[in-house]
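Please read the points alongside the model.

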Amino acid sequence: ALAVEKADVIETYANIAEATYGDSLLTAQRLQGAVDALIAQPSPANLDLARKAWRAARIPYQQSEVFRFGNPIVDDWEGGLNSWPLDEGLIDYVDASYGGASDENAFAELNVIANPVFNLSGTQVDATNITPNLIRETLHEADGNEANVASGYHAIEFLLWGQDLNGTKSGSGARSWTDYAQGEACTNQNCDRRGDYLKAATDLLVTDLEYMVAQWGTQGAARTNLFANEDAAISAMLTGMGSLSYGELAGERMRLGLMLNDPEEEEDCFSDNTHNSHYYDGLGIQNVYLGTYSRADGTLITGPSLSDLVAADNADLDIEMQMKLSDTMRNLGQIKTAAEAGMAYDQMLARANKGGEALIMGGVNALIAQTKTIERIVATLKLENVAIEGSDSLNTTGAVFQ
């Protein structure tokens, strides 16, 4: 077998990151265009196109999440793009059943769209003009509360779909296009400001992704940092794979919601798109290990991979990892297929839905199994500083109910 150079494996990893974020930017720009069209000419058709553009934008972005955990530049940045769950009453009107301000979040029903001036943590805020800077610097995680998600994919999702009030029954959010209509056709008031918020949040998403694409470019810090220490870079790759597999996806995004039978714990809760987000998270993990990524335009990014590196040391372990990844994708694919056939992910979370529970736990167990193999790879390659994140829902289940 030909020797595999760690530097070449790292180069492939960085190329895949650059391409994945590049596709995330491209699809976000298409979303931006669809949002602009909706605001300029509100209609059922334009709302539907904006929703489709949002779903399309999730496909590459979810595949990028494997670059978290091991890359500080990504970790410090991603919270503005994909934080959830959110107290959506911070942004816009909500149903009476939502509740209001609480000891946990005094601004859970602030409704910035309805209030151009408000007090926030003892300071009067002029929100007459809703801008990307207002969202990022003032509103996002307002009062230091992580539930005050004001930016990113899920804020945009809420503004396109509205609340999903169906619990674990069929149906997603059902916001009407008339929430963006002009004059007397406007529903739920403040249609102009709602459009301003949607545009500002979408423009901010594009700006943030432009920044991250640059970080993975030829001279970008995220790329160049990897080559300062090759073993640390390989450790970062496996940290991202393991932490996304175990604590984040198997734990916080899947097992926790099932334990609580709570649709509020599903990731894309307004649009019922969670099955896709889980699937493409899993695909992103597989991409990094195999050193391949299929771009939005159909071209393939490929090169020397972790798989090659492991195979050179222990061919059986590489085969095991590939089989575990395939099993995970099969199980996540079954969730995706069931959702597309009519059983949405939030319905799978229902207490009495044994079939839904089996589907979700199939994914959880496969992700746990592949994490164990990742840990064996770490030991085989004699890597240090690989800290795979855990989750109470997997490690200390009693803590979930405290």
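1. Helices here are DSSP runs of H or I with at least four residues, numbered from the N terminus. Just after one of them, α8, N261 takes a positive phi of about 50°.

2. The model is predicted: local features need pLDDT of at least 70, side-chain atom pairs count only at pLDDT 80 or more, and totals for chains, interfaces and linings use all residues. Residues are numbered from 1 along each chain as its sequence is written, and side-chain values use heavy atoms, leaving out hydrogens and water.

3. Helix α8 covers residues 230–260, 31 residues in total. From first C-alpha to last it reaches 42 Å, close to the 45 Å expected at 1.5 Å a residue (the expected span is 1.5 Å times one less than the number of residues).

4. α8 has a kink of about 45°, centred on G251. The bend at a residue is the angle between axes fitted to the seven residues ending there and the seven starting there.

5. Of the 31 residues in α8, 25 are buried (under 20% relative accessible area, with a 1.4 Å probe and protein chains only).

6. At the start of α8, a side-chain oxygen of N229 comes to within 3.2 Å of the backbone nitrogen of D231.

7. Helix α1 (residues 6–40) and α8 have axes that come within 10 Å and cross at roughly 45°. That makes α1 oblique to α8 (oblique angles are those left over when under 35 degrees is roughly parallel, over 145 roughly antiparallel and 65 to 115 roughly perpendicular).

8. Q63 lies in helix α2 (residues 44–64). Its side chain reaches the backbone oxygen of I59 at 3.1 Å.

Technical notes: Helices (H or I, at least four residues) and strands (E, at least two) are DSSP runs, numbered from the N terminus. Buried means under 20% relative accessible area, exposed over 50%, partly exposed in between (1.4 Å probe, protein chains only). A polar contact is a pair of N or O atoms within 3.5 Å; within protein, one must be able to donate a hydrogen and the other to accept it, and residues adjacent in sequence count only if both atoms are side-chain atoms. Axes are lines fitted to C-alpha atoms, for helices over the stretch in contact, and angles run from 0 to 180 degrees between N-to-C directions.
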